Amino acid sequence: MTDTSFEALPLAAPLQRVLRELDYTIPSPIQAQAIPLLLQGRDLLGCAQTGTGKTASFALPILQAFHLQPKGPSARCCRTLVLTPTRELAIQVGKSFTTYGRHVPFKQTLIYGGVGQVPQVNAMRNGVDLLVATPGRLLDLIEQRHVDLSKVEFFVLDEVDRMLDMGFLRDVKKIVALLPAQRQSLFFSATLAPNIVDLARTILRDPAQVSIAPETTTAEKIQQQVCFLNRDAKRPLLEQLLRGQAQASGQKLTIVFSRTKHGANKLAKSLCASGIPADAIHGNKSQAQREKALDRFKKGLTPVLVATDVAARGVDVKDVGLVVNFDLPNEPEAYVHRIGRTARAGAEGRAVSFCSEEELEFLREIEKTIRMPIPRWDDHDWHLETLAQQHGNGRRAQQVQASSRNGNGRSGRRSSGRSWGRR
Ligand code: AMP
């Protein structure tokens, strides 16, 4: 809980104005801690996941610099470089800067793969204030001498844990080697595993550290449940859950996670065939297809999105009320990222995980990572008590009492309300 208001932070008038327009009154914990440090010019090591308001925590101080020290950018250069693991996140970060910076004149562009490079090269010709990029394509354009990093003043590495999971360590190191020594660096990661801390040490200078524990998000704002069942019961339970969700919450959106691209396609098709409008996003879809699917999802035209982990990264949709783990992820951190797609900006959300026999080990790893047992939701037609017993959950986990059989079970572990956000 923080009692700082945005007005108490030394942010310039055009930023205060946009915050008023957006109706942001109370900074989120990461904003309250990081913004003053960044305004003093400190490097920052931030341990926070998406959904905590971290984009504004770095965008506002950077925009403040653009406002206070406006400079015409040099050809092919950028004043700020934000590196993100995926194009979706790059687009999202770019949009956030556009929103927060609407009263600050600055030029920005995005660089990511999967689309033609010519517009990106043209956009860099005269230089920009802000460049948001994914590592692979950025390196391509640097090697072709279309981008020059020698004038970077602010360097932001976003979602570093994901970046490393996706195999970008070498690319990131190559990019860092091209940056000037004199710069302010910001490093954000949802977890601080030893390899991540090692990387941070090579990039940051005497950093301030800000940590927003993921437990706050997972334990308090998201109602988590696990269902024990046979693998072939997953589809009928999903349908029942989605029908219940549609009745209970009208417009609320659902993201269903599948482990494979093929599984995501199959599931979206079978949901459509059962009269539940659904779409799939995954790495095999073109950028245009993904953007179209996301747009339809945000508008509520297809209220169910079936996604793989990589594709869902950076999807920032406020009205996601339910996340279903149709397959449990084999990396426990992915669970935290997945359920962080709901309960954005202090809203409440629900995350239901399906666990079949083959996935018991994944569930154990997840519970170790989040340091709590996930409450059981047994009150459905496909509950498999033997599996629940096998997990050993029967003795220690809190039994979740479902209010009905249509999927509206509510556990008692909810927070009383959000401590940051809009009025
Ligand atoms: P992020 O963690 O940066 O992806 O932000 C999560 C969501 O919170 C975004 O939709 C932001 O628009 C929203 N948000 C960020 N900061 C605030 C704030 N102080 N008050 C209300 N909403 C916010």
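This is a predicted model: local features need pLDDT of at least 70, side-chain atom pairs count only at pLDDT 80 or more; totals for chains, interfaces and linings use all residues.
Reader: What does the secondary structure of the protein come to?

Author: The count is 18 helices and 17 strands. Buried residues make up 57% of the 423 residues.

Reader: How do strands of a sheet pair?

Author: They pair through backbone hydrogen bonds, either parallel or antiparallel. Here, 7 strands form an open sheet with parallel pairing. The order is β4-β5-β3-β6-β7-β2-β8. Neighbouring strands are turned by 15 degrees against each other on average, direction ignored.

Reader: How many bridges join β6 and β7?

Author: These two strands pair over 4 bridges, in the parallel sense. Look for L157, which stands opposite F187 in β7.

Reader: Which strands does α2 lie across?

Author: Helix α2 lies across β2 (44–47), β7 and β8. Against β8, α2 runs at about 165 degrees.

Reader: Is Q31 buried or exposed?

Author: Q31 sits in helix α2 (residues 29–39). Buried means under 20% relative accessible area. Q31 has 3% relative accessibility, so Q31 counts as buried. Leaving aside neighbours within four places in sequence, Q31 is in contact with F6, P36, G53, A56 and S57.

Reader: Where do nonpolar side chains tend to be in soluble globular proteins?

Author: They tend to be buried together. In this model, the largest nonpolar core has 42 residues. L44, F58, L60 and F97 touch the most other members. Several elements supply at least two residues each, among them α1 (13–22), α4 (87–100) and β5 (128–133). The largest share, 8 residues, comes from α3.

Reader: Which residues is L60 in contact with?

Author: Beyond neighbours within four places in sequence, L60 is in contact with F6, L11, L15, L19, I35 and Y100. There is also a second, separate core of 33 residues, including L139, F168, L199 and L204.

Reader: Why do residues three or four places apart in an α-helix point the same way?

Author: An α-helix has 3.6 residues a turn, so residues at that spacing point the same way. Take helix α16 (residues 360–370), whose buried residues are L360, L363, I366, E367 and I370. Seen down the axis of α16, they fall within an arc of 115 degrees, so they line one face of the helix.

Reader: What residue follows α16?

Author: R371 follows, and its phi is positive, near 55 degrees.

Conventions:
Residues are numbered from 1 along each chain as its sequence is written. Side-chain values use heavy atoms; hydrogens and water are left out. Buried means under 20% relative accessible area, exposed over 50%, partly exposed in between (1.4 Å probe, protein chains only). Contact means heavy atoms within 4.5 Å. A nonpolar core is a set of buried Ala, Val, Leu, Ile, Met, Phe, Trp, Tyr and Cys residues joined through side-chain atoms within 4.5 Å. The arc is that of the directions from the helix axis to the C-beta atoms. Two strands pair if DSSP finds at least two bridges between them. Axes are lines fitted to C-alpha atoms, for helices over the stretch in contact, and angles run from 0 to 180 degrees between N-to-C directions.
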